[in-house]
Amino acid sequence: MHGNDKRTHKVPPVLILAGFVIVVAGMKAASSILVPFFLAVFIAILCAPPLLWLQRKGVPKVVALVLIFAAILVLGALFGALLGPSLNDFLISLPEYQERLSTHLAAFIVWLRGKGVRIPIEEVPRSLNPGWVMDLAGGIFEALSNVLTNAFLIFLAVVFILLEAADFPKKLRIMSKNAENSLSSIARFFLGAKRYLLIKTLISAATGFAIWLWLLILGVDYPVLWGTLAFLLNYVPNIGSLIAALPPVFLALAKLGAGSAFLTALGFAGVNLVLGNLIEPKLMGKGLSLSSLVIFLSMVFWGWVLGPIGMILSVPMTSLGKIALESYEGTRWLAVMLGSVTEIEWIEGLEVADAIKRENKKNP
């Protein structure tokens with residue numbers, strides 16, 4: 001009697017919110033497993049272009065995979081050999097640097113009081129403690145070293161992701177009746193994801209190398225550490241470069257004086273101006289930038305859920321989510337909400353292209 005009735009049941013917003021809270025709580029509890037997995041996905045996407053290039057050159061799949069994995073192992077071993085000794089020395093010397101910074105702050109307050117600025121010297125260190133900058137850098141490096149202890153797990157995950165990726169289109173064609181459309185959207189997503197991560201990684205590597213060279217010239221301690229920090233935090237636009245600059249600037253102030261601290265800050269500003277504001281936007285183009293509010297909120301959210309490494313991965317993960325939303329017509333409005341104002345034309349262009357494709361299918 002009511003067989004032809006079509007009833008749609010809407011899920012109450014309270015249940016959706018409750019489900020979201022449960023998922024986030026589960027992710028936070030499983031952060032020690034999720035962080036290596038997300039890093040493995042990140043590395044696998046970066047490894048896909050050279051793997052495909054080798055296969056196009058006629059290299060057998062197994063041989064291409066072995067070459068890629070050998071390159072990952074060599075780079076990982078080199079990274080650990082360069083970073084390990086500096087990281088240990090920095091963590092041991094961290095209390096000394098914090099004490100020196102506090103001494104500089106106290107001297108600065110005395111100088112201000114001599115100029116007639118009345119500042120309660122006893123209260124300022126409690127509210128303005130420069131040691132938190134070094135604590136932040138130490139926390140990031142400790143989290144990185146903890147993640148690197150799972151290097152074997154990350155490596156295995158990369159191996160299986162790359163092996164599975166090759167057979168995924170075949171499985172989708174068997175599983176889905178409308179496989180070609182799904183494959184087209186997935187291919188668009190992976191093309192955008194690979195392009196974004198490749199360009200961002202190259203720019204970040206150039207930033208880290210330039211910072212390392214500049215600090216080496218100035219004589220700032222642990223230039224390898226600060227170059228690595230600049231490389232990692234360059235994945236977080238605007239805010240990341242500022243956070244990466246603070247520890248070496250304060251360290252230069254504590255060890256070498258105000259002049260070296262100023263030159264250190266000037267070097268960071270110059271590198272980020274050239275690479276971050278001039279070169280990167282030209283390479284990225286439209287469609288890959290996020291709203292400043294989204295960047296800040298994603299950094300806070302993922303940093304809280306996954307820790308310091310989550311803060312570094314926050315913008316890449318959000319950008320990949322945005323690329324995925326752009327790949328489907330029904331979710332492009334969400335991509336507009338995540339993107340900057342300048343991307344409206346980009347999204348509209350995608351919609352026009354899809355409309356032309358549908359029209360061509362109707363009238364071949």
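Rings of Phe, Tyr and Trp (for Trp, the six-membered ring) count as a pair if their centres lie within 6.5 Å; planes under 30 degrees apart are called stacked, over 60 edge-to-face, and the rest tilted. By this rule the structure holds seven aromatic pairs. The structure is a predicted model, in which local features need pLDDT of at least 70 and side-chain atom pairs count only at pLDDT 80 or more, while totals for chains, interfaces and linings use all residues. Residues are numbered from 1 along each chain as its sequence is written, and side-chain values use heavy atoms, with hydrogens and water left out.

One of the pairs joins Phe38 and Trp302, edge-to-face, at 6.4 Å centre to centre and 85° between the planes. Phe38 belongs to helix H2 (residues 31-56) and Trp302 to helix H11 (residues 292-306), 264 residues apart. Helices here are DSSP runs (H or I, at least four residues), numbered from the N terminus. Trp302 counts as buried because its relative accessibility is 16%; buried means under 20% relative accessible area, exposed over 50%, and partly exposed in between, with a 1.4 Å probe and protein chains only. Ring pairs also link Phe37, Phe38, Phe301 and Trp302 into a cluster.

Another edge-to-face pair is formed by Phe69 and Phe155, at 5.5 Å centre to centre and 75° between the planes. Phe69 lies in helix H3 (residues 61-114) and Phe155 in helix H6 (residues 151-175), so this pair ties together parts 86 residues apart in sequence. Both Phe69 and Phe155 are buried.

Definitions and conventions:
Helix = DSSP H or I, 4+ residues; strand = E, 2+ residues; numbered from the N terminus.
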